[in-house]
Amino acid sequence: MFLFDNCQTAWLAITNVNDLVTLLQFPFMQRAIAGAVLMGILGGLLGSFVTLRQLSFFSHAVGHAALVGVALGVLLQLNPTWMLLPFTLIFGLVVLYFIEKTDLGSDSVLSIVLSGALAVGVILSSLIKGYRGNLMGVLFGDILAIDMTDLILTLLVLVVGTLFLLSTLRQQILLTLNPAVAKVQGIPVQLYRYGFVVLLSLAVAVAIKAVGVLLVNAFLVIPASCAKLMSHHFNRFLLLSVIVGSISSFAGIIVSGLFNFASGPSIVLVQFVVFLTVFGWVKLRTKAA
């Protein structure tokens, strides 16, 4: 009986691998892999600054508030992606403006604005009649459905984000570690802060189709958190974050294809497993030292 079970498991594995090889020949799967790698790099790059600047809740709020943009797109019978981009951008800028112009804490402002946006999003969603496939797809993600437009948008955000952050890396590091000193040294803190929020909002918008509104924050935070556990040197931390983001995204697509799991949750699940592995490795190394 035990031998039969092992043989059956091996046969299923072989069948899944053969199915995966066949699946990889389809254009939609190739686009999904390309999109996953690009978004993994983008998430790792921006996530490094998100974690160090403690903006995790900010990206979480932007992602969840995107439900309004999705619902509007479905109601107006427009591509949700074209509604997500401007909405997340405007939402991110408005939230940052409120944080700077009030005496309330950033977490309070984010909670207030997020609650209001979610309330509007739920009400708009209730107005949608009939098929809600577009809405559900954006909520939970479906990277297999991305098209060339999504790939081009992701690549554009990645290129612009890389040029902006790497060309001003010294200023970005100083702004991250000590904003007061950065301001004294004449660094345009406001310009860089708003510029980063624009990039972060756009990154959230393009990643939502892949991993969904409910998981998009993990896409930014987990790779950077893994890298932070492995290195405290900023350049190495940044590189490791990008590597973890891209490789885990690729691995998540493969897992999704092998076991017929949902693509977005598969990517985040792989990232979570990587985090647990890195955490355990760091703890063991610390004890051994």
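Biologist: Which residues form one aromatic cluster?

Modeller: Start with the rule: rings of Phe, Tyr and Trp (its six-membered ring) pair if their centres lie within 6.5 Å. Here Phe49, Phe196, Phe234 and Phe237 form one aromatic cluster. This is a predicted model, where local features need pLDDT of at least 70, side-chain atom pairs count only at pLDDT 80 or more, and totals for chains, interfaces and linings use all residues. Residues are numbered from 1 along each chain as its sequence is written, and side-chain values use heavy atoms, with hydrogens and water left out.

Biologist: How many aromatic pairs does a search of the whole structure find?

Modeller: Nine. Planes under 30 degrees apart count as stacked, over 60 as edge-to-face and the rest as tilted. Tyr97 and Phe98 are a tilted pair, 6.3 Å centre to centre with 55° between the planes. Phe259 and Phe261 are stacked, at 5.7 Å and 25°.

Biologist: Are Phe259 and Phe261 buried or partly exposed?

Modeller: Buried means under 20% relative accessible area, exposed over 50%, partly exposed in between (1.4 Å probe, protein chains only). Phe259 has 48%, so it is partly exposed. Phe261 has 45%, so it is partly exposed too.

Biologist: Which residues of helix H8 are buried?

Modeller: Helices (H or I, at least four residues) are DSSP runs, numbered from the N terminus. In H8, residues 169-177, the buried ones are Leu169, Gln172, Leu174, Leu175 and Thr176. They pack against several helices, including H2 (27-52) and H12 (234-259).

Biologist: At what angle do H3 and H11 pack?

Modeller: Axes are lines fitted to C-alpha atoms, for helices over the stretch in contact, and angles run from 0 to 180 degrees between N-to-C directions. H3 (residues 56-75) and H11 (residues 216-230) pack at about 155°, with axes 8 Å apart. Angles under 35 degrees count as roughly parallel, over 145 as roughly antiparallel, 65 to 115 as roughly perpendicular and the rest as oblique. H3 and H11 are therefore roughly antiparallel.

Biologist: Which residues make the contact?

Modeller: Contact means heavy atoms within 4.5 Å. H3 gives Ser56, Ser59, His60 and Gly63, while H11 gives Val216, Asn217, Leu220 and Val221.

Biologist: Where is Ile123 found?

Modeller: Ile123 is in helix H5, residues 106-126. With a relative accessible area of 53%, Ile123 is exposed. Ile123 and Val68 are 55 residues apart in sequence, and 9.1 Å apart in space, C-alpha to C-alpha.

Key: Helices (H or I, at least four residues) and strands (E, at least two) are DSSP runs, numbered from the N terminus.
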